[in-house]
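Hi,

Here is the structure I said I would pass on. Have a look at it first, and my notes on what turned up follow below.

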Amino acid sequence: MKKIGFVALVFSCFIFLAACSSGSAEKADKIKIGASPTPHAEILEHIKPELKKKGIELEIVKFDDYVLPNKALENGDIDANYFSTVPYFNLQKKENDYRFSNIGAIHLEPMGIYSHKIKKISEIPSGAKVIVSNVPSEWGRVLNIFVENKLLKIKPGVAIDKATFEDITENPKNLVFDHSVDPTLLTSAFENNEGDLVAINSNFAYEKGLNPVKDSLMIEQKNSPYVNIVATKTSNKENKDLKKVVDVLHEPQVQKWIEKKWGGSIVPVSE
């Protein structure tokens, strides 16, 4: 009887350990990604169910500014972030000596130039005040919109992401650029009529109910290099779970959802 009891006990332990082992194998991997609320966090929220099927539990940490997401990544508080454009990412790496890597371009948020008073480009008055963000990596982006609309000329050979207001060679309307405003305050500047024209990123515009395609006076072209990316520490760039996140973001059904939800003013990319 004792022998049978011992065998039964061993068998029960085996079943218990097997069950524990099986449960561990099915446990999802957890990753934490920092993102701007719109559209980045919304896009990540949309792909959560698909990631769960792939064994990934995604936690989204929302940031309302452009500084903290990189600090959080550097400090190890998050595994990756999804908020910045390529030029801003490169500038931040250079200025802060971040050892970060771009692991995937996801979408473009076309910059829009907005005005309460001016309804046509031809109506822009001489000496019009243009309010622009205080982020240097965005200055060339804004200037290029005015160049494309034949309102300015800049020095030949100057790259879009490198251009500054000192590179303007022709300004027939004597436009005055105020580049002292924080990006998060540009919509407030627009609402308060602080300038004749205000350059606003699509994510901030959407938060205030503005549709860049319908409401802007001028809008950035789709071939812009200012795509938004997922970034992580270079030491973590081969992380299999982060690669799965980028792969899911590039799936056709996800890209179609992005186009439909934002009416074409958030443009998905699959690079």
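One term before anything else: buried means under 20% relative accessible area, exposed means over 50%, and partly exposed is in between, using a 1.4 Å probe and protein chains only. By that rule F165 is buried, and so is F177.

Some ground rules. This is a predicted model, with local features needing pLDDT of at least 70 and side-chain atom pairs counted only at pLDDT 80 or more, while totals for chains, interfaces and linings use all residues. Residues are numbered from 1 along each chain as its sequence is written, and side-chain values use heavy atoms, leaving out hydrogens and water.

**The chain overall**

The chain has ten helices and 13 strands; these are DSSP runs numbered from the N terminus, H or I of at least four residues for helices and E of at least two for strands. Of its 271 residues, 45% count as buried. The chain exposes about 14,100 Å², with carbon and sulfur atoms supplying 53% of that (areas by the Shrake-Rupley method with a 1.4 Å probe; for residues, only the protein chains shown count as cover). Taking contact as heavy atoms within 4.5 Å, 76% of the contacts between residues at least 6 apart in sequence join residues at least 24 apart.

**The cores**

A nonpolar core here is a set of buried Ala, Val, Leu, Ile, Met, Phe, Trp, Tyr and Cys residues joined through side-chain atoms within 4.5 Å. The largest one has 24 residues, and I33, L44, I47, V245 and L249 have the most contacts inside it. At least two of its residues come from each of β1 (29-35), α2 (37-53), β2 (56-62), β3 (80-85), α9 (240-249) and α10 (252-261). There is also a second, separate core of 22 residues, which includes I113, V132, F177 and M218.

L44 touches I33, A35, L58, I60, Y82, V245 and L249, not counting residues up to four places away in sequence. I47 lies in helix α2 and counts as buried at 1% relative accessibility. Leaving aside neighbours within four places in sequence, I47 is in contact with V245, V248, L249 and V254. I47 and V245 are 198 residues apart in sequence, yet their C-alpha atoms are 8.4 Å apart in space.

**Aromatics**

The structure holds ten aromatic pairs. Rings of Phe, Tyr and Trp (its six-membered ring) pair if their centres lie within 6.5 Å; planes under 30 degrees apart are stacked, over 60 edge-to-face, and the rest tilted. Y66 and Y88 make a tilted pair, 5.6 Å centre to centre with 55° between the planes. Y66 lies in the loop between β2 and α3 (68-75) and Y88 in helix α4 (residues 86-96), so this pair ties together parts that are 22 residues apart in sequence. Y66 is buried at 12% relative accessible area, and Y88 is buried at 7%.

F165 and F177 have ring centres 5.1 Å apart and planes at 35°, so that pair is tilted. F165 sits in the loop between β7 (153-154) and β8 (168-170) and F177 in strand β9 (residues 176-181), so the parts tied together are twelve residues apart in sequence. Y66, F83, Y88 and F204 form one aromatic cluster.

**A buried glutamate**

E220 lies in the loop between β11 (218-219) and β12 (227-233) and counts as buried at 8% relative accessibility. The side chain of E220 reaches the backbone nitrogen of M111 at 2.7 Å. A polar contact of 2.5 Å joins the side chains of E220 and S224 (a pair of N or O atoms within 3.5 Å; within protein, one must be able to donate a hydrogen and the other to accept it, and residues adjacent in sequence count only if both atoms are side-chain atoms).

A cis peptide bond joins T38 and P39, with omega about -5°; P39 lies in helix α2. K150 has a positive phi of about 60° although it is not a glycine. K150 is in the loop between α5 and β7 and is exposed, with a relative accessible area of 74%. N174, also not a glycine, has a positive phi near 55°; N174 lies in the loop between β8 and β9 and is partly exposed at 48%.

Cheers
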